[in-house]
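Hello,

I am passing a structure on to you, along with some notes on what turned up in it. Please have a look at it first, then read on.

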Amino acid sequence: MGGGEVVKKGYLIKSPPLDGKGRKNWHKRFFCLYSSKIFEYYKTEGGEKKGVINLEDCTSVNCGLSHKKYQHVFDIETEGRTYYLVASSEQQMTEWVETLCRVCEFTSTDDEGMCVK
């Protein structure tokens with residue numbers, strides 16, 4: 001597992017990479033956020049690990065983004081990729097964003113729901 005204490009876990013919908021390669025489908029994944037700045041995601045809770053987002057590389061987290069198909073969209077921007085995630089409600093989105101910002105040790109938040117280093 002990711003190491004450190006599990007800070008938050010739950011289901012989110014994750015976008016595919018926006019590099020124009022591979023599949024274009026968004027998938028529901030089970031996420032575990034660790035105090036060690038590791039954000040792992042799995043096909044299902046207790047299932048096969050599908051990937052890891054190293055939050056040491058995170059540059060910002062943005063919430064309240066608009067999307068033609070989904071509501072409650074937020075993103076995690078890293079040096080190599082932007083991950084778009086969808087929560088089940090506005091409250092869940094806010095909780096994820098606040099927790100991610102705390103784990104990433106971001107100190108500033110602007111009025112539009114963006115936190116940065």
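Let me start with phenylalanine 31, which is buried at a relative accessible area of 0% (buried means under 20% relative accessible area, with a 1.4 Å probe and protein chains only). Phenylalanine 39 is buried too, at 0%.

Please keep in mind that this is a predicted model, where local features need pLDDT of at least 70 and side-chain atom pairs count only at pLDDT 80 or more, while totals for chains, interfaces and linings use all residues. Residues are numbered from 1 along each chain as its sequence is written, and side-chain values use heavy atoms, leaving out hydrogens and water.

Now the rings. The whole structure holds five aromatic pairs (rings of Phe, Tyr and Trp, the last by its six-membered ring, with centres within 6.5 Å; planes under 30 degrees apart are stacked, over 60 edge-to-face and the rest tilted). One of them joins phenylalanine 31 and phenylalanine 39, tilted, with 4.9 Å between centres and 40° between planes. Phe31, Phe39, Tyr41 and Trp96 make up one aromatic cluster.

Trp96 also has a charge over its ring: the charged end of lysine 8 sits 5.0 Å from the centre (NZ of Lys or CZ of Arg within 6 Å of the ring centre and within 35 degrees of the ring normal). Likewise, lysine 28 lies over the face of tyrosine 11, 4.9 Å from the ring centre.

What about the cysteines? Cysteine 32 is buried at 8% and cysteine 63 at 18%. A search of the whole structure finds zero disulfides (cysteine sulfur atoms within 2.5 Å).

Enjoy exploring!

Key: Buried means under 20% relative accessible area, exposed over 50%, partly exposed in between (1.4 Å probe, protein chains only).
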